Amino acid sequence: MIHLVTCMSLVLSLFGCHICSAGANRPAAPVNVSVTHLRADSATVSWNIPEGETVIGFAISQQRQDGLMQRFIREVNTTSRACILWDLDEDMDYIIQVQSIGLYGESLASKKIHFRTLKKSEHIQSTMMDQDDPAVEGLDLSRHLQTGEILIIMTVLLMWAAVIVLFCKQYDIIKDNDSNNHSKEKSKPLSGQSTPEYHNGGLLGSKFQRTSSSVSIIKV
């Protein structure tokens with residue numbers, strides 16, 4: 001009994017040490033979280049990572065202040081320190097928190113950040129003010145690249161479809177030519193056999209008669 005209790009205590013201590021080591025290796029929470037480039041339906045969240053932390057992704061908790069909607073965004077294998085929140089409701093209060101994702105788990109959540117989206121009437125003015133912001137240009141660049149890749153794929157597919165159509169047309173033309181040539185070859189022997197032959201007084205008979213008469217007449 002004493003031996004069993006000793007084994008259980010040893011397992012619990014090892015498990016507790018593993019939890020402590022895993023928690024110690026987790027990254028620190030993001031700092032300087034801010035919301036910029038507010039629109040009627042979108043906003044940009046940016047943050048900083050404490051120096052020396054190994055981070056492979058991020059997670060964002062987004063919810064409306066009235067509690068009617070909650071969204072969780074998670075992205076790994078990225079070094080991005082900003083994210084655009086889409087499909088927001090205009091003139092609405094939101095609360096967000098950001099977490100860093102490390103090799104051994106996620107960090108604690110950052111401080112809660114409150115922001116309010118713009119009205120549609122204010123959206124045009126905000127767009128004109130932030131048009132030359134390099135942060136927004138960098139985030140929108142990925143969207144343009146995705147659109148360009150889709151256009152390239154569609155162009156290649158259309159080109160392949162055009163090649164297939166041309167090949168089918170050429171194949172039909174070659175097939176028609178082969179069938180016409182084959183029909184002409186069949187009609188040639190019939191025209192050669194159409195020469196009439198007359199027996200017993202016909203054309204052949206007259207030829208034989210002329211030949212025999214020329215041989216049988218001999219003058220002495």
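Which residue in strand 2 stands opposite serine 34? In this predicted model, the residue opposite serine 34 is serine 46 of strand 2.

The strands concerned belong to an open sheet of 3 strands, arranged in the order 1-2-5 with antiparallel pairing. Strand 1 (31-36) and strand 5 (82-85) form the edges, each of them pairing on one side only. On average, and with direction ignored, neighbouring strands of this sheet are turned by 15 degrees against each other.

## Pairing of strands 1 and 2

Strand 1 runs antiparallel to strand 2 (residues 43-48), and 4 bridges join the two. Besides the placement of serine 34 opposite serine 46, threonine 36 of the model stands opposite threonine 44 in strand 2.

Together, strand 1 and strand 2 form a hairpin, with 6 residues between them. Within the turn, histidine 37 has a positive phi of about 55 degrees.

## Pairing of strands 2 and 5

Strand 2 is also joined to strand 5 by 4 bridges, and these two strands run antiparallel. Serine 46 takes part here as well: its bridge partner in strand 5 is alanine 82.

Threonine 117 is located in the loop between strand 8 (113-116) and helix 2 (120-129). Because its relative accessibility is 3%, threonine 117 counts as buried, the limit for that class being under 20%.

The side chain of threonine 117 makes polar contacts with backbone atoms: it reaches the oxygen of aspartate 89 at 2.5 Å and the nitrogen of aspartate 91 at 2.9 Å. Neighbours within four places in sequence aside, the residues in contact with threonine 117 are Arg39, Ala40, Leu88, Asp89, Glu90, Asp91, Met92 and Tyr94.

Arginine 71 lies in strand 4 (residues 70-76). With a relative accessible area of 29%, arginine 71 is partly exposed, because this value falls between the limits of 20% for buried and 50% for exposed.

The side chain of arginine 71 reaches the backbone oxygen of tryptophan 86 at 2.9 Å. When residues up to four places away in sequence are not counted, arginine 71 touches Ile60, Ser61, Gln62, Trp86 and Asp87. Serine 61, one of these residues, is 10 residues from arginine 71 in sequence, and their C-alpha atoms are 6.1 Å apart in space.

How values were computed. Residues numbered from 1 in each chain as written. Predicted model: local features only at pLDDT ≥ 70, side-chain atom pairs only at ≥ 80, totals over all residues. Heavy atoms only, no water. Pairing = 2+ DSSP bridges. Axes fitted to C-alpha atoms, helices over the stretch in contact; angles between N-to-C directions. Buried < 20%, exposed > 50% of the residue type's maximum accessible area, 1.4 Å probe, protein only. Polar contact = N/O pair within 3.5 Å; in protein donor to acceptor, adjacent residues only side chain to side chain. Contact = heavy atoms within 4.5 Å.
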